[in-house]
Protein chains: 4
Amino acid sequence: MLIQPRYEYVRHFEQPDQLLPNTWIVVRIDGRGFTKLCAKYAFEKPNDKRALDLMNAAAKAVVDALPDIVLAYGVSDEYSFVFHKTCQLFERRSSKLVSTVVSTFTAFYVHLWPAFFRGDLDGGGGDDNNSNNMNNAAVPLQPPLLPTFDGRAVCYPSVQNLRDYLSWRQVDCHINNLYNTTFWALIQKGGLDPVEATEQLKGTFSADKNEILFARFQINYNNEPEMYKKGSVVFRDYELVDPASHSATAAAVDNLAAPPVVSKSKAESDTKRRHKARITVEHLDIIKDDFWERRPWLLTGQPGTLPKQL
Amino acid sequence: MLIQPRYEYVRHFEQPDQLLPNTWIVVRIDGRGFTKLCAKYAFEKPNDKRALDLMNAAAKAVVDALPDIVLAYGVSDEYSFVFHKTCQLFERRSSKLVSTVVSTFTAFYVHLWPAFFRGDLDGGGGDDNNSNNMNNAAVPLQPPLLPTFDGRAVCYPSVQNLRDYLSWRQVDCHINNLYNTTFWALIQKGGLDPVEATEQLKGTFSADKNEILFARFQINYNNEPEMYKKGSVVFRDYELVDPASHSATAAAVDNLAAPPVVSKSKAESDTKRRHKARITVEHLDIIKDDFWERRPWLLTGQPGTLPKQL
Amino acid sequence: MLIQPRYEYVRHFEQPDQLLPNTWIVVRIDGRGFTKLCAKYAFEKPNDKRALDLMNAAAKAVVDALPDIVLAYGVSDEYSFVFHKTCQLFERRSSKLVSTVVSTFTAFYVHLWPAFFRGDLDGGGGDDNNSNNMNNAAVPLQPPLLPTFDGRAVCYPSVQNLRDYLSWRQVDCHINNLYNTTFWALIQKGGLDPVEATEQLKGTFSADKNEILFARFQINYNNEPEMYKKGSVVFRDYELVDPASHSATAAAVDNLAAPPVVSKSKAESDTKRRHKARITVEHLDIIKDDFWERRPWLLTGQPGTLPKQL
Amino acid sequence: MLIQPRYEYVRHFEQPDQLLPNTWIVVRIDGRGFTKLCAKYAFEKPNDKRALDLMNAAAKAVVDALPDIVLAYGVSDEYSFVFHKTCQLFERRSSKLVSTVVSTFTAFYVHLWPAFFRGDLDGGGGDDNNSNNMNNAAVPLQPPLLPTFDGRAVCYPSVQNLRDYLSWRQVDCHINNLYNTTFWALIQKGGLDPVEATEQLKGTFSADKNEILFARFQINYNNEPEMYKKGSVVFRDYELVDPASHSATAAAVDNLAAPPVVSKSKAESDTKRRHKARITVEHLDIIKDDFWERRPWLLTGQPGTLPKQL
């Protein structure tokens, strides 16, 4: 290829953006203008199962495409992707990591849309047996209003910081879902308009909302679907381990100072085990220690034992 | 919304990434792994008109969605989007700008794919009357190999820097296209294999390649389609002006120190004129002054005069 | 030198901090805790000529040590050093530029202190013939309270941005000096205490302060020393030019896209002329065009004509 | 103060530079052009005790001025200052931290110079009873060649990263000092010129250098002064603790996720104990665990027990 001596200098305006080594990288994406999108495509309120299933399917595809991701957590129109602190993908360049995650997520979300927002009730990826589902007709995407997402990368130095970040998102999920469930019950079942519902919920605590749901609408919040209450966790699934034997994982991982030098054969066997692992979507409590202690591979980054039945 | 005193602190790990004020922002996106993608979806070589038309359609949608973009330039599987130096979109945060452009581009690329990569010859967005088109059959996207893009933002302080950046991309387009046209002629018409073709082109200059094309394959490179030779420029179209009257535009724009304070009515009328303007895709020389001097609105950021016929 | 395979990895935690090319770099330093320092070393109020002369001497030494600096502007305990936009010193690394300026300034400030804050009236660097000077006794520095400075680097993309930055500092100088001159006149000559003086000046405009000074203390603010009213500008001095011939300098400089490639002999002759030039400290209006148009070398970065008499 | 609507906008060009929370901040300073400085002021080779004592005195002053520094380590003309990972000084802004450390260090280095580089043998800060000291005459600083330093800030996420950084510097100290001691013995005692000495040491290992020193110059490297072999560590001194009781300190500190909220009275008592603590300069092995386990306050950031005798 010829050189371009005259214009070549413009290359030097690109500034490096590598993220600090030995820190957990979280790329969080958020739906852009989803209020408008939800209205246009008639998302069900307070939760549209098809939309959440589609988010989860797109997140699974991202985790599948980028094996450096150890875990993803999603709620509503946001998803957080966690890269292990030893990750060297794209030399840890922020723009590359963020844009790749956002683009891959968007590509799958748009491509899979027809499989989730469709008319038939019994096939494909979407599973629409929601009792009050009024969206059985196919809902094709209509440009220019397509679903899009923005993103950002944030570094967390320690396991505790990472877990606190994820706990923050899951507590947010709970707070928002309890609010929204009550808000929409007041409207859909109680006949209030949004202004009245907002007014009614002003200053209420969790217990008050639970009480409104139960006393007025016979809804026991605890029986709401786990996906709505807890959000969704995506990860590679291995055999669970006895938590007692792994209580020191976080300290060991924090103590890990640099990406370990692994033999080529070990690296290849790790990659194989990662590809063989099933990527699962679950709706679990990720705040408590138990989730982490039973799945030490999430923090160590070392693939676990593949279950027998696979 | 309730506060989360325990986890709230994790917010402070997000670091600011605003780009320097009063500089031109270029967000460039690049296809990820397009060699593999081209192979899987049987892109024509050296140029696949359907794929380029689809790139241009997605770029138009991005320019339409983000009025702060004054111009976009695309070649092959890359596209550069230029935000005016006074742009305040997303407070000039790099991650937001990059991820929004990448996500919007990806969403339209994936959504419009079936309209461009399809079997019938006479409908929709793609215009496939390429003489040696062997891809008339529909080519549905097949996950997990979906088209995705990465991106980055770069700042250019002066008009000259910005124009040099764009000239660099257009010179690159020319160099690569001349090479590829000759390379694939040697293979497709000359019967060489890729190794032989590479060998034959080693050390050749432009004149040599032109000569090979003409003498051996009766191809006059000058008659190749403009889109292949010059790439594609996307911008809002207004009435062209007499270049003589605008020779000082660049200096005036460089001299512009801060976003001007405009009255609300002026801002609204500007927005209207921007929305009324047709977004055009052309294949022009953007290296020479003429392109810029006849379209002063590209550098001033002020909408021009809407053509009568619209 | 031996390699340290075990610990060597820690090098990768240092993150790049190059400043955007083709922008003016201003390193501004500010005295740390100078309120306390002024009290301890009995600085005269509202202006201590010895302290300002010392600031200027230290700034001259910085400009002398770093020929990439085209101009410095100082007021009170702050100084701004302007590096030309083509500057490549330390690869434009922010930390290196800031720390070098701050360290050099501090070294000279501390080293020269005894020459400026001393007992005798007729020698050396300080020129203490201030009428109400009550500090004729030597004032040795007494650790731990030594004068120190912090600093930061800021980039300005265009000549207008740079000039607006400097104008901002000079307007600040004027506003603060008029206030302080009036404030201390009320105290030193009017017998007010600081609280009363503050109260008296609350809500006053410039005209009011001029009036207080003149009517009550027979001080014509216009006759105050230029150094107090305008601050100090430090630059290499060449023959002034006819401003008419250089009205287009700013546009030409903005248009300069990349550091020009200069022959080795031209570079050497430039360096010689820079070293021969006298570094001057003046108290001029740097807001108006005249200052810049008569000294085109400040913006072009090209050394001017050395005056005959040198 | 009046507002400056016209120029005020230039404030927005300053870009934020806060360092990632919950990471150890190391500000390292390095002498600028010390080869030239050593030559001009006739520093003794391979080590000038006066210069090292002056470095240590300046470092002590920095640690004294900035209580957020938990430890400093110096060798030759460089010094590393470690701020605790919970440090909030200057909102963790990199420029402020770096420039403050560099300026304070420079101020003390220049101010204390006469006390360390002086003619008399029995007074002040310097302790010059070096056998072959040929610098007994006072060595005043002569501008423009004053000692100056540059600096940079680097973040380390974990205790292990921080300790590995410091180990890296101490191993470097050892390697360089062994080399320099042998190199200068070959010149000063062996009569070689620098080129010959360099040649002789090419490809030698540590054992070879030890052997040269012992066999040819009767120098047992182990008997060289600790300051030369190990560098200098500066820290607040409290009562040493039994290492057995603190083996888990590093894990506990890594696990610390955010600056702890402390009561005002606890904060005040901590500050008092910090101020009462003696700042000590020692020449110890900081690579081994023992140093850290006996001084848990270095990692916890919590002041230890003040020794009785103070």
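How many salt bridges does the rule find across the interface of chain B and chain D? The rule, which requires a side-chain nitrogen of Lys or Arg within 4 Å of a carboxyl oxygen of Asp or Glu, finds 0 salt bridges there.

The model is predicted: local features need pLDDT of at least 70 and side-chain atom pairs count only at pLDDT 80 or more, whereas totals for chains, interfaces and linings use all residues. Residues are numbered from 1 along each chain as its sequence is written, chains are lettered from A and ligands numbered from 1 in the order in which they are written, and side-chain values use heavy atoms, leaving out hydrogens and water.

**Interfaces**

Two chain pairs are set out below. Contact means heavy atoms within 4.5 Å. Buried area is the accessible area (1.4 Å probe) that two parts lose on being put together, summed over both.

| Chain pair | Residues in contact | Buried area | Share on carbon and sulfur atoms |
|---|---|---|---|
| chain A and chain B | 52 of chain A with 52 of chain B | about 4600 Å² | 64% |
| chain B and chain D | 12 of chain B with 12 of chain D | about 950 Å² | 66% |

On the chain B side of its interface with chain D, B:Phe13, B:Gln15 and B:Pro21 supply 43% of the area buried by chain B, more than any other three residues.

Between chain A and chain B the count is 4 salt bridges. A salt bridge joins the side chains of A:Glu14 and B:Arg152, with an N to O distance of 3.7 Å. Of the interface residues of chain A, 100% are also interface residues in chain B, so the two copies meet through the same surface.

Chain A is superposed on chain B by a rotation of 180 degrees with 0.0 Å of shift along its axis, at an RMSD of 0.0 Å. The two copies are therefore related as by a two-fold rotation axis. The superposition is by least squares on the C-alpha atoms of residues with pLDDT of at least 70 in both copies.

**Aromatic side chains**

A search of the whole structure gives 88 aromatic pairs over all chains. Rings of Phe, Tyr and Trp (its six-membered ring) pair if their centres lie within 6.5 Å; planes under 30 degrees apart count as stacked, over 60 as edge-to-face and the rest as tilted.

The rings of B:Tyr179 and B:Phe183 are stacked, because their centres are 6.0 Å apart and their planes stand at 15 degrees. These two residues lie 4 residues apart in helix α4 (residues 159-188) of chain B, and so are separated by about one helical turn. Helices here are DSSP runs (H or I, at least four residues), numbered from the N terminus. B:Tyr179 is partly exposed at 27% relative accessibility, while B:Phe183 is buried at 11%. Buried means under 20% relative accessible area, exposed over 50%, and partly exposed in between (1.4 Å probe, protein chains only).

In chain D, the rings of D:Phe43 and D:Trp113 form a tilted pair, since their centres are 6.3 Å apart and their planes are at 35 degrees. This pair links distant parts of the chain, 70 residues apart: D:Phe43 is in the loop between α1 (34-40) and α2 (49-65), and D:Trp113 is in helix α3 (residues 94-116). Both D:Phe43 and D:Trp113 are buried.

One aromatic cluster in chain A has among its members A:Phe43, A:Phe105 and A:Trp113.
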